2 protein chains.
Amino acid sequence: LNAEIIAIGSELLTPQRVDTDSLYLTDQLNSLGIEVTCKTIVGDDRERLAAAVRLAVSRSAMVLLTGGLGPTEDDVTRDAVAQALGRKLVYHQEVADQIEQRFARAGRRMAEINKRQAFIVEGASILPNDRGTAPGQWIDEGDVSILLLPGPPGELKAMFEGQCLPRIQRKAPKQVIRAVCLRIAGMGESDVDQLIAPVYTKYTNPATTILAGAGDIQVHLRARCDTEEEALALLSEVGAPIEALLGDRIYSRSGDPIEVLVGSMLRESQSTLAVAESMTGGELAARITSVPGSSAYFVGGFLTYTNAMKAALLGVDLETMAEFGAVSKETADAMASGARKRTGATYAISITGSAGPDSAEDQPAGTAYIGVAGPNGCDVTHRRFLGDRPHVRAFAAQLALDLLRRRLRA
Amino acid sequence: LNAEIIAIGSELLTPQRVDTDSLYLTDQLNSLGIEVTCKTIVGDDRERLAAAVRLAVSRSAMVLLTGGLGPTEDDVTRDAVAQALGRKLVYHQEVADQIEQRFARAGRRMAEINKRQAFIVEGASILPNDRGTAPGQWIDEGDVSILLLPGPPGELKAMFEGQCLPRIQRKAPKQVIRAVCLRIAGMGESDVDQLIAPVYTKYTNPATTILAGAGDIQVHLRARCDTEEEALALLSEVGAPIEALLGDRIYSRSGDPIEVLVGSMLRESQSTLAVAESMTGGELAARITSVPGSSAYFVGGFLTYTNAMKAALLGVDLETMAEFGAVSKETADAMASGARKRTGATYAISITGSAGPDSAEDQPAGTAYIGVAGPNGCDVTHRRFLGDRPHVRAFAAQLALDLLRRRLRA
């Protein structure tokens, strides 16, 4: 069973606003085993909305519309749906009375224009609105259900959960959707795909999606089955060979980001961590400390944006920097070792490099040296990242966390 | 002139993700006087995408597609657009060569599947991608322009501004849209609205939108007129009384975030800055150093997540912390003063507090003390922020930057 969502409102077509009602509805529908296959956002334009409704009704089992049910001229949803389905709008005096009573309870008089909200598409059942004036409407057109729902999130949620959910459950298949999310560090999107495509392309169920972040690839597998047992079995049938191929590149099977994983590993091994950041300027530590409870293992560190600070705060030899450069293996090594020594932490990570857009010390933008110092010495990894300043910094922080993860696993 | 945007990607149909590329594109198009009249989000489904393209091409002057240009089987945009327009896909060896060279520069071999990205819709012009592998495509179908753009925001922006904007400008109407964005620190959204609503509600042109971030309110005014002069005159007619009401709460009239403003002020006054972060764990420094060229004024700092580190790295007296707490005015003062002394920077900002969800030292989650030390001594500001951990940290960093801004203006 599949659904489409149509959000109505010119304000949703400005640069400042996103449609969030559809996220809520998607979550609700998915939990019933219903996929959302398309979302459309249209302004307060009757013709365009009618065209969107016609297209959606032609191909989807459910069409959910949010917004455009208010009392003003701009509120075109009732008219557009009636037009798209070739049905009339019928005035319901009892709906107008309810709206009037609602106003009366608030000590106000209903404005004449609110009577517009009493027009119901012929054959629709009325969904009373406990939280606002606009009633919802449920229309069956052949096998397709069309729901007109109010835009304000509070009204939408109350109406959907109170009146739509039970009705959809009867219509919905007994199917369940279960998903896993593998997160992978240290590989590019196309490398991951090339490796695992021979496995996942043999299946349409589960559906596989690959998402790329900075040094962080997510593989989502979503299985849709009649029972939870079948779904989990299918996920394991497809997931196991994929996991075998990716091996220890997988850092998370729960969807958690790498800073959460590394945090758990540090906690379990009763280790502590310090940082010494130059190019990432605090971003690595900000990620580490974004995890609630990170104060159990993160002690602190040093932000050394100049050579003088690398020398003063970390004890990096000025001659080392003069000879090899501040962006060098030698400096990264001295930074990590210095941070570890000066904080007494079990591990220390250093990052020095050039985030761009300008190059530093003849090193091209994107160059990074990452040091991980621990009880068994210090390793430095050299990489050149492509992309703009935010990307390069995000890549470097991600790689640094993955290097620590590998060290902690060893 | 009107445009439609089609975002492609099954991940954009999950409960977790919104399409943000379209916000950027809407902003760009609006600035050229082009309205966005519909947005559609489809999964990695060729038939559905082709249907969306056909509908859009039938009624809009421009159709912008984002995403689905990657190298995997899931990436269906090229195929779907070719199908919708009844055109062939043509393999371009020179595009494949460029992608291969891009990999080579990063010291990697191109995967075989990346050759998919060298298929171009017949008759399209190729939009080279400086930041990624997927080239964009510009197709003219009668009077309609169809743009295939990459999904990653960095690639999209560079390609759009570098290659699409000048071409669209030639096509765009003579009407202009001009906007100003005032950014305000230290006020809540409803306070801002209550203050300025008497001014802006008198006008439908310019349109006014108020957006709320963490301690950061944006007031957008958008005027649409026949000439730039008229638009600017209208913006100033409405903007001047709004600016007078908000006074020095406005930190930016250009839309720039506060770290850019503070950076310019530090540069102009030839001052330097250091930080000492506890609760924000690097987030303040990460924002400061997100600005290219920030190494001209930011020297570095200290991340002190434990009392021991506050004592060792910043010289905060352990007895002070025992008496007043690590989350206290006294500790914030000692942290800022210690950071300034140990780095020699003109100014130092300290943040100590409890980001939550758990409270620290009987201080409720959200409590923060922010110190600003400079040539005229150290001031500490105490605030309690509401919200979850990421919000509290963002609020604290924003307030810290605003406190420094006020000090620098004095």
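Student: Let's start with B:Tyr91. Buried, exposed or in between?
Tutor: B:Tyr91 has a relative accessible area of 30%, so B:Tyr91 is partly exposed. Buried means under 20% relative accessible area, exposed over 50%, and partly exposed in between, with a 1.4 Å probe and protein chains only.

Student: What am I looking at in general, and how does the numbering go?
Tutor: This is a predicted model, where local features need pLDDT of at least 70, side-chain atom pairs count only at pLDDT 80 or more, and totals for chains, interfaces and linings use all residues. Residues are numbered from 1 along each chain as its sequence is written, chains are lettered from A and ligands numbered from 1 in the order in which they are written, and side-chain values use heavy atoms, with hydrogens and water left out.

Student: How many aromatic pairs are there over all chains?
Tutor: The search of the whole structure gives 8. Rings of Phe, Tyr and Trp (its six-membered ring) pair if their centres lie within 6.5 Å; planes under 30 degrees apart count as stacked, over 60 as edge-to-face and the rest as tilted.

Student: What is the geometry of B:Tyr24 and B:Phe160?
Tutor: Their ring centres are 6.1 Å apart and the planes stand at 80°, so the pair is edge-to-face. B:Tyr24 sits in helix H1 (residues 21-31) of chain B and B:Phe160 in helix H5 (residues 153-171) of chain B, so the pair ties together parts that are 136 residues apart in sequence. Helices here are DSSP runs (H or I, at least four residues), strands are E runs of at least two, and both are numbered from the N terminus.

Student: Backbone next. Where are the cis peptide bonds?
Tutor: One joins A:Gly356 and A:Pro357, with omega about 5°. A:Pro357 is in the loop between strand S15 (347-353) and strand S16 (367-374) of chain A. Another runs from B:Asn205 to B:Pro206, with omega near 5°. B:Pro206 is in the loop between helix H6 (189-200) and strand S10 (207-213) of chain B.

Student: What is phi at A:Gln270?
Tutor: Near 50°, a positive value in a residue other than glycine. A:Gln270 lies in the loop between helix H8 (258-268) and strand S13 (273-277) of chain A, and is exposed, with a relative accessible area of 74%.

Student: And B:Gln270, what is its phi?
Tutor: About 50°, also positive although B:Gln270 is not a glycine. B:Gln270 is exposed, with a relative accessible area of 73%.

Student: Last one. How far apart in space are A:Met110 and A:Thr343?
Tutor: They are 69 Å apart, C-alpha to C-alpha, and 233 residues apart in sequence. A:Met110 is in the loop between helix H4 (93-105) and strand S5 (119-121) of chain A, and is buried, with a relative accessible area of 12%.
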